[in-house]
Amino acid sequence: MAHALCLSQRGLGNTWPNPAVGCVIVRDGRVVGRGWTQPGGRPHAERMALDQAGDAASGATAYVTLEPCAHHGRTPPCADALIAGGIVRVVTALTDPDPRTAGQGHAKLRAGGVAVKEGVLSDQAAFLQRGFLKRITEGMPMVTLKLATSLDGRIATASGESQWITGPRARHHVHLMRKRHDAVMVGGGTARADLPSLNVRGFGSVRQPVRIVVSSQALPALPTEDDAHGPLWQVSGDLHEVMRELGGRGLTRIFCEGGGGLAAGLLSAGLVDDLLLYSAGMVLGAEGRPAIGGLDFGQLADAPRFALRRSLRLGDDLCQHWARH
């Protein structure tokens, strides 16, 4: 299952509105098939692994990070495909909360004579699938807030100069994070001041993320989709409503790159699930622009809190991954 979870990560940012699933097929102690959800959501991981395994799937065990689908969409149900392929045992990490499956995949497998074991490495799988799970259960995508700051929490000088606070390795890592999300979001002020590209560079030909600008005002002339950028969506209004709109359009994972007003709004609304803090060894002082605008809470107990999951050194910079409590 750990192998299947690693495979599932290859689909992050590429599969929306479908989940990024991994599948490993094992027979007689040997891996005979591997698969992960392909760009655009199809083929599914199970179909990829079955095709690779061929006849070796007969009598084998399939390890799948999410319950195999039970409904007919653009492709037949994966539960049926596993039965037809001769799989005799299926091990899953999570039950799919999508009402079109929601236990029916497991039930189909058992009815077809397949032994099923559920809940293996479920915590790890749930963390990887938070975007999909949140969209299905709450109707909105997960949000990762990215901040690139000086040691004293500033994102630019008083005049607005910000290129570059962090070094090339940290900036390359940001592009990796863009690649692993469905969309990149900024506020209207950032869009007008910086004319950001918001695309993924340095990873060859990839499915570019949707570019989202939160603003009710007219936008500047940002690069078009024809210039190898993702679609450009403009949204405005209450941030909870914005997120429900984006979830309704199929997005599961959003990477927010500021600025300070949008960051504060998302934090105040309790919409930030992950926080990625890239910090550089420089000090800009109180006159520099803060990474986060005013949050307007009265007591320390009301402050948004996050738990540290990982620290990563990137050249002379530090990346800290914090997850909401």
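Colleague: How many aromatic pairs does the structure hold?

Modeller: One aromatic pair. Keep in mind that this is a predicted model. The pair is Trp16 with Trp233, and their ring centres lie 6.4 Å apart.

Colleague: Are the planes of Trp16 and Trp233 stacked or edge-to-face?

Modeller: Read the angle between the planes. Planes over 60 degrees apart count as edge-to-face. Here the planes stand at 85°, so Trp16 and Trp233 are edge-to-face.

Colleague: Which parts of the chain does the pair link?

Modeller: Distant ones, 217 residues apart. Trp16 is in the loop between helix 1 (2-8) and strand 1 (22-27). Trp233 is in strand 10 (residues 232-235).

Colleague: Is Trp16 buried or exposed?

Modeller: Look at relative accessible area. Buried means under 20%. Trp16 has 15%, so Trp16 is buried. Trp233 is buried too, at 14%.

Colleague: What sits over the ring of Phe127?

Modeller: The charged end of Arg309, 3.6 Å from the ring centre. Trp36 also has an arginine over its face: Arg10, at 4.4 Å from the ring centre.

Colleague: Now a loop residue. Where is His181 found?

Modeller: In the loop between helix 7 (168-179) and strand 8 (183-187).

Colleague: Why does His181 count as buried?

Modeller: The same cut-off applies: under 20% is buried. His181 is buried because its relative accessible area is 2%.

Colleague: Which residues is His181 in contact with, leaving aside neighbours within four places in sequence?

Modeller: Gly13, Thr144, Pro209, Arg253, Ile254 and Phe255.

How values were computed. Residues numbered from 1 in each chain as written. Predicted model: local features only at pLDDT ≥ 70, side-chain atom pairs only at ≥ 80, totals over all residues. Heavy atoms only, no water. Helix = DSSP H or I, 4+ residues; strand = E, 2+ residues; numbered from the N terminus. Buried < 20%, exposed > 50% of the residue type's maximum accessible area, 1.4 Å probe, protein only. Contact = heavy atoms within 4.5 Å. Phe/Tyr/Trp six-rings, centres within 6.5 Å; stacked < 30°, edge-to-face > 60°. Lys NZ or Arg CZ within 6 Å of the ring centre and 35° of its normal.
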